[in-house]
Amino acid sequence: MDVLERVREICLGMPEATERPFGGHTSPSFRVRDKLFVMTSEDGSSMMFKAGPGVQEALVSESPERFFVPKYVGAKGWVGARLDVEQDWAELAELIEDSFRLIAPKRVSAQLD
């Protein structure tokens, strides 16, 4: 399965999740109630997701070949994940779910429980 299809399958499995490009880009981005929880790069080589306090630093320091601090949104706690390297897809699915929970309204997020 293509990596963007895997990201799409995980993201659209979240309650009320929708896919719509961000700004003038054509790459997939995923939202809940019109708030972004995952963005992908235009070339499909990476994705960005929201993370809780300390997660960005932990992931980037532990696996810099897999994770990075993205431009623009990195200062707001978002994490970049390279999709052109071997990834642990179970871990990425958990990180996407965590991003969704940080962005989604509590009532929507509770539907995952």
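My entries below go from the whole chain to strands, salt bridges, backbone angles and a pocket.

**Ground rules**

I am working with a predicted model, in which local features need pLDDT of at least 70 and side-chain atom pairs count only at pLDDT 80 or more, while totals for chains, interfaces and linings use all residues. Residues are numbered from 1 along each chain as its sequence is written, and side-chain values use heavy atoms, with hydrogens and water left out.

**Entry 1: the whole chain**

I began with the elements and found four helices and six strands in the protein chain. I took helices (H or I, at least four residues) and strands (E, at least two) as DSSP runs, numbered from the N terminus. Read from the N terminus, the order is α-β-β-β-β-α-β-β-α-α. The radius of gyration is 13 Å, close to the 13 Å from the globule rule for 113 residues, so the chain is as compact as a globular protein of that length. That radius is taken over C-alpha atoms, and the rule is 2.2 Å times the number of residues to the power 0.38. Along the principal axes, the C-alpha atoms fill a box of roughly 35 × 30 × 25 Å.

Next I looked up burial: 45% of the 113 residues are buried. Here buried means under 20% relative accessible area, exposed means over 50%, and partly exposed is in between (1.4 Å probe, protein chains only).

How many of the six residues of β3 are buried? I get five, so β3 is largely enclosed by the rest of the structure.

I then checked its partners, counting two strands as paired if DSSP finds at least two bridges between them. β2 (residues 29-32) pairs with β3 in the antiparallel sense over four bridges. Across that pairing, arginine 31 stands opposite leucine 36. On the other pairing, β3 and β4 run antiparallel and are joined by three bridges. There, threonine 40 has methionine 47 of β4 as its bridge partner.

Both turns went into my notes too. The β2-β3 hairpin has two residues between the strands, and arginine 33 takes a positive phi near 50° there. The β3-β4 hairpin has five residues between its strands, with glycine 44 at a positive phi near 75°.

**Entry 2: salt bridges**

Side chains of opposite charge can pair when their charged atoms come close. My cut-off was a side-chain nitrogen of Lys or Arg within 4 Å of a carboxyl oxygen of Asp or Glu. The search of the whole structure finds eight salt bridges, and I wrote up some of them.

Arginine 8 and glutamate 5 meet at 2.5 Å, N to O. Both sit in helix α1 (residues 3-12), three residues apart, about one turn of the helix. Glutamate 5 is partly exposed at 38% relative accessibility. I also noted that Glu5, Arg8 and Glu19 are linked in a network of salt bridges.

Arginine 101 and glutamate 97 meet at 3.0 Å, N to O. They are four residues apart in helix α3 (residues 89-103), so about one helical turn separates them. Arginine 101 is partly exposed at 28%, and glutamate 97 is partly exposed at 27%.

Aspartate 34 and arginine 31 meet at 3.6 Å, N to O. Is arginine 31 buried or exposed? Arginine 31 is buried, at 7% relative accessible area, whereas aspartate 34 is partly exposed at 46%.

**Entry 3: positive phi**

Most residues other than glycine have a negative phi. Aspartate 34 is found in the loop between β2 and β3. Tyrosine 72 also has a positive phi, of about 70°, although it is not a glycine. Tyrosine 72 is in the loop between β5 (67-68) and β6 (78-82), and counts as exposed at 76% relative accessibility.

**Entry 4: the largest pocket**

On a 1 Å grid over the protein atoms alone, I took a pocket as an open set of points where a 1.4 Å probe fits, with protein on both sides within 12 Å along at least five of seven lines; lining residues have an atom within 4 Å of a point. The largest pocket holds about 330 Å³ of space, the volume being the space filled by probe spheres set on the points, which are joined across faces, edges and corners.

Which residues lie nearest its centre? They are His25, Met39, Met48, Lys71 and Tyr72, from a lining of 15 residues. β3 (35-40) and β4 (46-50) each supply at least two residues of that lining. By class, the lining has seven nonpolar, six polar and two charged residues. I counted Ala, Val, Leu, Ile, Met, Phe, Trp, Tyr, Cys and Pro as nonpolar, Asp, Glu, Lys and Arg as charged, and the others, Gly among them, as polar.
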